[in-house]
Amino acid sequence: METLKTDFVLDAKGLACPMPIVKTKKAMNDLEAGQVVEVQATDKGSKADIKAWAESTGHQYLGTIEEGEVLKHYLRKSSNDEAKTETKHPVVATNEELEKKLQGNESIVVLDVREEAEYAFNHIPNAICIPLGQLEDRFTELDQEAEIFVVCRTGSRSDFAAQKLAQNGFKKVTNVIPGMSGWTGSTTTINN
Amino acid sequence: MTVAAGVKTISVKDLTSKILNHEKLFILDVRNTDQFDDWKIEGKNVEIINEPYFELLEGVDSIKDKLPKDQDILVVCAKGGSSEFVGEQILEAGFTNVYSIEGGMKAWSEHLEPIKIGTLKNGGSIYQFVRIGKGCLSYLVESNGQGAMIDTNRMLEPYESFIKEHNLKLTHVLDTHLHADHISGGRQLAEKHGAKYFLPPKDADEVKYEYNQITDGDVYDVGDTTIRAVYSPGHTIGSTSFVIDDQYLLTGDILFIDSIGRPDLAGKAGDWVNDLRETLYKRYKQLADDLLVLPAHFMTSIEMNNDGSVSEKLGTLYKQNHGLNIENEEEFRRTVTENLPPQPNSYQEIRETNMGKIIPEEEKQREMETGPNRCAVR
């Protein structure tokens, strides 16, 4: 089983309710907005509870991987910039426009700049995963001449990414709005 | 169990007694709301509210106004940990009589309460084991030192203590059908006590173990009484009812007090509708009106008698049960095949376990059985 890169791993193995959530809550307080935590638990009930807790607190529940007795839950701390709707990169496309291009088998690159764990549970097939925070170090993995469609969850992180790419010589960069939060096309997940 | 100072505990056995005595109870269920909506503690005088424990980690101020000041507060969660945690928060908020329900809904789901239904003509009695948390009913017939069990649940301890206490020799263990909502303990109980295990062969196509076949009209002698098999398909194709001592009719999952069986849990709703119709509208009609119907399930506490038992005369059900009074066959078909409630949790895995195809670990079996039984249509 591959390991997903996260900002923090919380060991709540062997603990019964309510402790997995008590600990997760505490860990979340110490994280920065947008960071991802992996919570390892053995209490089967923790899955439904973590999910419900995340919904109630506004954190993003990404998914759970079961490895034998251990449940690995992935959560992303809620971040304010996700609420921002104004984007700066001039070239934008809607989800539907991107979906049409994918269905038309056009030669394009889909770049997903969300965190690795977000990508793992739900992404567009063949999308390349480079989290926003790593983008500047990994420009060389991308072709400057390619037609690149940048996606994230809401269009905000992808806007930053699109601007950075344009500033660094990438010629055909499009920001997809809103991105995965509204994506109805086909997806791939680690859990299948 | 060690308890932090202040929060008292109440066992599911004591809780059951209180509910069966119709005591006024206030329960705070701190599981998440989906689980609460799916399945919760019920009783005639039970007031229950839900607030997930993870909303109460910092204290109970948000629900303080909903908690009674002059009454015990019972807190329940999935297994008993979070209820204790929240109980402490409630004490800190100034309340005094706060109880955590020991073992939570897991223990609640597994508790069996034996209730005497009545006596037999030549001596002996019939008992109903009420699994109050899940709505499952199983039966023990005892006559002249011998015993028979019908629709045994997975937890054998309550039956075994009863058998020991009454000094019985278990001779017959029967299942009315292959269950889809709970794991049968029948085979295991029979093995442990040297009794014969019986199952209707039409439900047993795929079973992986030896069993004795139940055939329509079979009569089993238990002490000085008899159990007679009446083939009554419809919930499953093998479903068989038992007439005991010419007084009691064990209907399995075919006929309940306020509802009838659903025909779809083996994936064959359409095929079995006619069988269900035939059983309920013809076969059962040929039986005596004054037989006391004893089903394998109840759905709500409304179906309970004052002593907590679940029973009604067949003749009365023909007057009052909606499912027995649908004249139009097409309407009947629609009622039992369309808009059915969700299927019981893990019903496929439960069926496979009862066939002996899979043998999950105990903890897994518990988890599979969590939730309501949902074997009926109204």
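Two residues are in contact if their C-beta atoms, placed from the backbone, lie within 7 Å. The exercises below use this cut-off on a predicted model.

**Exercise 1. Domains of chain A**

Task: Find where the domains of chain A lie and how many residues of domain 1 are in contact with domain 2.

Solution: 
- Step 1. Start from the domain assignment, which gives chain A a domain 1 (8-78) and a domain 2 (81-182).
- Step 2. Take the centres of domain 1 and domain 2 of chain A over C-alpha atoms; 27 Å separate them.
- Step 3. Apply the contact cut-off: 5 residues of domain 1 of chain A are in contact with 4 residues of domain 2 of chain A.
- Step 4. Locate the elements on the domain 1 side of chain A: strand E3 (60-67) and strand E4 (70-76) each supply at least two residues.

**Exercise 2. Two helices of chain A**

Task: Describe how helix H1 and helix H2 of chain A cross, and name the residues that make their contact.

Solution: 
- Step 1. Take H1(A) as residues 19-30 and H2(A) as residues 46-57; their axes come within 10 Å and cross at roughly 40 degrees.
- Step 2. Assign the handedness: the crossing of H1(A) past H2(A) is right-handed.
- Step 3. List the contact residues. H1(A) contributes Pro20(A), Ile21(A) and Thr24(A), while H2(A) contributes Ser46(A), Asp49(A), Ile50(A) and Trp53(A).
- Step 4. Divide the residues of this contact between H1(A) and H2(A) by class: 4 are nonpolar, 2 polar and 1 charged.

**Exercise 3. Domains of chain B**

Task: Work out which elements of domain 1 of chain B give two or more residues to the side that touches domain 2 of chain B.

Solution: 
- Step 1. Chain B is divided into domain 1 (8-108) and domain 2 (112-377).
- Step 2. Over C-alpha atoms, the centres of these domains of chain B are separated by 32 Å.
- Step 3. The contact takes 10 residues from domain 1 of chain B and 9 residues from domain 2 of chain B.
- Step 4. By class, the domain 1 side of chain B divides into 4 nonpolar, 2 polar and 4 charged residues.

**Exercise 4. Chain A against chain B**

Task: Describe the side of chain B that touches chain A.

Solution: 
- Step 1. Count the residues in the contact: 16 come from chain B and 13 from chain A.
- Step 2. Find the elements of chain B that give two or more residues to this side, namely helix H2 (33-38) and helix H3 (81-92).
- Step 3. Class the residues of this side of chain B: 7 nonpolar, 5 polar and 4 charged.

Note on methods. Residues are numbered from 1 along each chain as its sequence is written. Chains are lettered from A and ligands numbered from 1 in the order in which they are written. This is a predicted model: local features need pLDDT of at least 70, side-chain atom pairs count only at pLDDT 80 or more; totals for chains, interfaces and linings use all residues. Helices (H or I, at least four residues) and strands (E, at least two) are DSSP runs, numbered from the N terminus. Ala, Val, Leu, Ile, Met, Phe, Trp, Tyr, Cys and Pro count as nonpolar, Asp, Glu, Lys and Arg as charged, and the others, Gly among them, as polar. Domain bounds come from an automatic or database domain assignment. Axes are lines fitted to C-alpha atoms, for helices over the stretch in contact, and angles run from 0 to 180 degrees between N-to-C directions. A crossing is left-handed if the near helix is turned anticlockwise from the far one by less than a right angle, and right-handed if clockwise.
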